Amino acid sequence: MNAQGLILLIAPPAMGAAIGYLCGGRLAGLRDLRLSALWLLWLAAAVQAAQYYVTPLRHPALLILVFGLVLWWLALNLNAWPLAIRVAGVAITVGALANGLAIALNGRMPYEPTAAEAVGLRPGLTTPKNAPADDATRLAFLGDTIPVPPLSKVVSPGDLLIGAGTVALTALAMRLRRDRPDPQAQTVKGGES
């Protein structure tokens, strides 16, 4: 993974944390968000990382496995979350489904060659994960069509939903503790004469 890809991965939770702090939240609030089956996320991350570093694993079908593991994790956790956080989780789910559908229908994530050229990438290049969109591409609008010039990347509408959902989920979860009474603030009554 290159530096630009790492920025796209880290930016949403970092932005969510910044917004959470600005809204009076604290990172400790994240502990109050019920999270089960975290091993699914770790497995998805391991498969994703392996695709970058193990050449035989650079197969588009493994991207669908990554999305499937994340969707499974979300399905196990969504119902336990407060409504606002659940909405953020649904945004992440819809984004992942959109990306997964584009990949499943085309074998790779399609990208718009003119968008790639606009950010300085070579249009027409096929990689293990991406292929240029053409007349035969199905649901091309779900592919990587949105140029992000500062990062020399092209992202999909699904990526935007995943990023926005991650920002919102992080910021909202940071405020969970704020809604509970602070036991330190309560005075102890009685016992002393």
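Tutor: Happy to! One definition comes in handy at the start: the expected span of a helix is 1.5 Å times one less than its number of residues. Keep in mind as well that this is a predicted model.

Let's take helix 4 as our part. Helix 4 has 24 residues, and from its first C-alpha to its last it reaches 34 Å, close to the 34 Å expected at 1.5 Å a residue. Its buried residues are Ile85, Ala88, Gly89, Ile92, Thr93, Gly95, Ala96, Ala98, Asn99, Gly100, Ala102 and Ile103. As for partners, the buried residues of helix 4 pack against helix 3, strand 1 (109-111) and helix 6 (157-174). After helix 4 comes Gly107, with a positive phi near 85 degrees.

Now let's step across to helix 3, one of those partners. The 18 residues of helix 3 (residues 60-77) should span 26 Å at 1.5 Å a residue, and its end C-alpha atoms are 27 Å apart, which agrees. Buried here are Pro60, Leu63, Val66, Phe67, Leu69, Leu71, Trp73, Leu74 and Asn77. These buried residues pack against helix 2 (38-53) as well as helix 4 (83-106).

Asn77 counts as buried because its relative accessibility is 0%. Setting aside neighbours within four places in sequence, Asn77 is in contact with Arg34, Leu35 and Ser36.

Helix 3 also has a part in the surface. Trp39, Leu43, Trp72 and Leu76 make a nonpolar surface patch of about 420 Å². Helix 2 and helix 3 each supply at least two residues of that patch, and Trp39 is found in helix 2.

Lys129 sits in the loop between helix 5 (113-118) and strand 2 (130-132). With neighbours within four places in sequence left aside, Lys129 is in contact with Leu63, and also with Gln48, Gln51, Tyr52, Arg108 and Met109. Lys129 is buried yet has no salt bridge; Asp144, the nearest side chain of opposite charge, is 10 Å away.

Note on methods:
Residues numbered from 1 in each chain as written. Predicted model: local features only at pLDDT ≥ 70, side-chain atom pairs only at ≥ 80, totals over all residues. Heavy atoms only, no water. Helix = DSSP H or I, 4+ residues; strand = E, 2+ residues; numbered from the N terminus. Buried < 20%, exposed > 50% of the residue type's maximum accessible area, 1.4 Å probe, protein only. Contact = heavy atoms within 4.5 Å. Patch = residues over 30% accessible without salt bridge, like charges linked within 9 Å, V, L, I, M, F, W, Y side chains within 5 Å. Areas by Shrake-Rupley, 256 points an atom, 1.4 Å probe, with all protein chains shown as cover. Salt bridge = Lys/Arg side-chain N within 4 Å of Asp/Glu carboxyl O. Lys, Arg positive; Asp, Glu negative; His and termini not counted.
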